[in-house]
Amino acid sequence: MTQSHPRISKAVIPAAGLGTRFLPATKATPKEMLPVVDKPAIQYVVEEAVAAGLDDVLMVTGRNKRPLEDHFDRNYELESALQKKGDASRLAKVQESSDLATMHYVRQGDPKGLGHAVLCAAPHVGEEPFAVLLGDDLIDPRDPLLQRMVEVQEQRGGSVVALMEVAPEQIHLYGCAAVETTEDSDVVKVSGLVEKPEPADAPSNYAIIGRYVLDPHIFDILRRTEPGRGGEIQLTDALQQLAADEKIGGPVHGVVFKGRRYDTGDRGDYLRAIVRLACEREDLGPDFRTWLRSYVAEEM
């Protein structure tokens, strides 16, 4: 029988990366601010957190990330100009980002890995369970992954990771989970985790994607976690300790996601995400799909 656990209200979004895969575009512009159609990628992530009921958002940033703060702040000069022009539609879009959530910011300082970025959130999070959303992964709002993860954590306690089946030859790009089935078809119990294993050493083809709901005991483990793969403090290594000993902070479960996910951390996938989302827009889709069919036909 399941039991109720504390309600989650806080989300942490690590956004201190340098975005080197998108140079030179990210030389002076944070990669999280690159547009996906007409909204920066980071806004989709904040909207997802808010849709799951998490309206207290802490963004872990670094140097040259000030545009992130500016985007979620008010821009009175722009709002005034749009108001004078009577452009209510664009004014609403500008105000939308500043009204989304209660935003907080902390700087990571040294880029010591995802685990270290999450640890930077400890003073803000305190002793509550919380969510972590990575900005490179966009989850289609029609597939409410985070809401399901919050539900599982509130029922079962401990921590919850998002899992997706990938081809065996791709598992070395992800953290990988060893799993056991549960009575829920979309929920598995995680018995072990490995960061970016070679295909022959992978315990499964379940890859960890960029959504986590974490028990606050993760902070104590991260403080003791030594740098791992790539010389960085890996969140996967800390979660492995939780999975190995439930007495520390409860069990680790995984929600198996089979919905629509857009990876904006890779240049090719970023372009595909823009095309997919543009095709599905009511205002852009019809004309864009017509042009796209014509373009593909000509190129073929």
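Modeller: Helices (H or I, at least four residues) and strands (E, at least two) are DSSP runs numbered from the N terminus. This is a predicted model, where local features need pLDDT of at least 70 and side-chain atom pairs pLDDT 80 or more, while totals for chains, interfaces and linings use all residues. Numbering starts from 1 along each chain as its sequence is written, and side-chain values use heavy atoms, without hydrogens or water.

As for your elements, α5 (114-119), α9 (235-244) and α11 (267-280) among the helices, plus strands β11 (206-214) and β13 (261-263), each supply at least two residues of the lining. Of these, β11 gives the most, with four residues. By type, the lining divides into 20 nonpolar, 13 polar and 15 charged residues (nonpolar: Ala, Val, Leu, Ile, Met, Phe, Trp, Tyr, Cys, Pro; charged: Asp, Glu, Lys, Arg; polar: the others, Gly among them).

Lys31 and Asp136 turn up again around the structure's one cavity of 30 Å³ or more. A cavity is a set of points where a 1.4 Å probe fits but cannot get out, and this one has a volume of about 80 Å³. Besides those two, its lining holds Phe22, Glu32, Leu34, Ala41, Gly135, Thr264, Gly265 and Tyr270, and the whole lining splits into four nonpolar, three polar and three charged residues.

Now for the charges. The model has 22 salt bridges (a Lys or Arg side-chain nitrogen within 4 Å of an Asp or Glu carboxyl oxygen). In one of them Asp136 pairs with Arg21, with the closest N and O atoms 3.9 Å apart. Asp136 sits in the loop between β6 (130-133) and β7 (137-139), and Arg21 in the loop between β1 (10-14) and β2 (35-36), so this pair ties together parts 115 residues apart in sequence. Asp136 has a relative accessible area of 23%, so it counts as partly exposed (buried is under 20%, exposed over 50%, partly exposed in between; 1.4 Å probe, protein chains only).

Glu32, from the cavity lining, makes a salt bridge with Lys65, 2.8 Å from N to O. That pair also links distant parts of the chain: Glu32 is in the loop between β1 and β2, Lys65 in the loop between β4 (56-61) and α2 (66-71), 33 residues apart. Both ends are buried: Glu32 at 6% relative accessible area, Lys65 at 4%.

One more for your list is Glu246 with Lys189, whose closest N and O atoms are 2.4 Å apart. Glu246 belongs to helix α10 (residues 246-249) and Lys189 to strand β10 (residues 187-195), so parts 57 residues apart in sequence are tied together. Both partners are partly exposed, Glu246 at 37% and Lys189 at 28%.

Key
1 Å grid on protein atoms, 1.4 Å probe; cavity = no way out; pocket = protein on both sides within 12 Å on 5 of 7 lines; lining within 4 Å. Points joined across faces, edges and corners; volume = space filled by probe spheres on them.
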